[in-house]
Amino acid sequence: FPYTTLFRSLEKKFYKNCRLIVAHSQRIKEELIDLYGVSTEKISVIYPPFSVENFSQPSNQLREQLRTEFQFSRDQIVFVLPSAGNHYVKGFDLIAEYFSKSSLPILLVVAGRPIPSGYKNVRYVGFQKDMEKLYQAADFTILPSRYEAFGQVGPESVACGTPVVFSKAVGSSEVISKEAKIVFDWGVKNDVSTAIKRAVNWAQSGESRIQNSIECINCQTDVNEHVKEIINAYLRL
């Protein structure tokens, strides 16, 4: 608690004295205004870039090969959860409990830090150096986070042709068009169940792969252009 109070105090001083704050999502901008009283004129929302060289749509042949390598069954709809940080913040406990109790043909594949064992319909695949392969092989990427300031996995997954299932707390939902995402609210009873069932029906229809993936993402794919946006935001001051 003393450290939290100290950091909050330091943050307020930084925000008060600086001339420019770059927020990586609109939700961060709103939090800066509501929680810290920062003037809206100080804040520029500039979404972080992602690499189209590393994250791209696979051919049907490559995707089938990757599903075989990861041992994904044709009878299951695979949801990938990247969770290299705090599992609680990522909402792992909530979504793992749902998957464990579900009778749907679904599998939650967790990449990152180790998870507790004993969950039905949940598999741990460890840290993955080439996350794009996992995105390309999966049916959906899921982020059931309690809080997610942005969530780079969103644009990365969609760029691989894989739609996302997000809690409403995920900031990068802002940059993904509605045809490439399903959003649910943990605060609404049965909303996660409705979202997962919708995803299953979507996958079973054979039309869930995103064809125009880059058009569904509204953020930079060029680091140089991203840097220019930040410099221009400062120059406008």
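All residues named here from strand β7 (residues 164–167) are buried: Val164 and Phe166 point one way, and Val165 and Ser167 the other way. Buried means under 20% relative accessible area, exposed over 50%, and partly exposed in between, with a 1.4 Å probe and protein chains only. Strands (E, at least two residues) and helices (H or I, at least four) are DSSP runs numbered from the N terminus. The model is predicted: local features need pLDDT of at least 70 and side-chain atom pairs count only at pLDDT 80 or more, whereas totals for chains, interfaces and linings use all residues. Residues are numbered from 1 along each chain as its sequence is written, and side-chain values use heavy atoms, with hydrogens and water left out.

**Strands and their pairing**

- In a regular strand the side chains alternate between the two faces of the sheet.
- Strand β7 pairs with β6 in the parallel sense over 3 bridges, where two strands pair if DSSP finds at least two bridges between them.
- Within this pairing, Val165 of β7 is the bridge partner of Ile142.
- Strand β4 is largely enclosed by the rest of the structure, because 7 of its 7 residues are buried.
- From β4, Ile106, Leu108, Val110 and Gly112 point one way, while Leu107, Val109 and Ala111 point the other way.
- Strands β3 and β4 pair in the parallel sense over 7 bridges, and Val78 stands opposite Leu107 in β4.
- Strands β4 and β5 also run parallel and are joined by 3 bridges; here Val109 stands opposite Arg123 in β5.

**Aromatic pairs**

- The whole structure holds 10 aromatic pairs; rings of Phe, Tyr and Trp (its six-membered ring) pair if their centres lie within 6.5 Å, with planes under 30 degrees apart counted as stacked, over 60 as edge-to-face and the rest as tilted.
- Phe79 and Phe99 form an edge-to-face pair, because their ring centres are 5.4 Å apart and their planes stand at 80°.
- Phe79 belongs to strand β3 (residues 77–83) and Phe99 to helix α5 (residues 92–101), so this pair ties together parts that are 20 residues apart in sequence.
- Phe79 is buried at 0% relative accessibility, and Phe99 is buried with a relative accessible area of 0%.
- Phe140 and Trp202 make a tilted pair, at 5.8 Å centre to centre and 50° between the planes.
- This second pair links distant parts of the chain, 62 residues apart, with Phe140 in strand β6 (residues 140–143) and Trp202 in helix α8 (residues 191–204).
- Phe140 is buried, its relative accessible area being 0%.
- Ring pairs join Phe79, Tyr98, Phe99, Phe140 and Trp202 into a cluster.

**Charges over rings**

- The charged end of Arg146 sits over the ring of Tyr88, 3.6 Å from its centre; the criterion is NZ of Lys or CZ of Arg within 6 Å of the ring centre and within 35 degrees of the ring normal.
- Arg8 lies over the face of Tyr36, at 4.7 Å from the ring centre.

**Largest pocket**

- The largest pocket has a volume of about 410 Å³, a volume being the space filled by probe spheres set on grid points that are joined across faces, edges and corners.
- A pocket is an open set of points, on a 1 Å grid over the protein atoms alone, where a 1.4 Å probe fits, with protein on both sides within 12 Å along at least five of seven lines; lining residues have an atom within 4 Å of a point.
- Among the 19 lining residues, Arg63, Glu64, Arg67, Asp139 and Arg209 are the closest to the centre of the largest pocket.
- Helices α3 (60–69) and α8 each supply at least two residues of this lining, and α3 gives the largest share, 4 residues.
- The lining comprises 5 nonpolar, 8 polar and 6 charged residues, where Ala, Val, Leu, Ile, Met, Phe, Trp, Tyr, Cys and Pro count as nonpolar, Asp, Glu, Lys and Arg as charged, and the others, Gly among them, as polar.

- Asn121, which is not a glycine, has a positive phi of about 65°; Asn121 is found in the loop between β4 (106–112) and β5 (122–124) and is buried, with a relative accessible area of 17%.
- Asn190 has a positive phi near 65°, lies in the loop between β8 (181–184) and α8, and counts as exposed at 51% relative accessibility.
- Arg27 lies in helix α2 (residues 26–36) and counts as partly exposed at 21% relative accessibility.
- The C-alpha atoms of Arg27 and Ala169 are separated by 8.8 Å, although the two residues are 142 residues apart along the chain.
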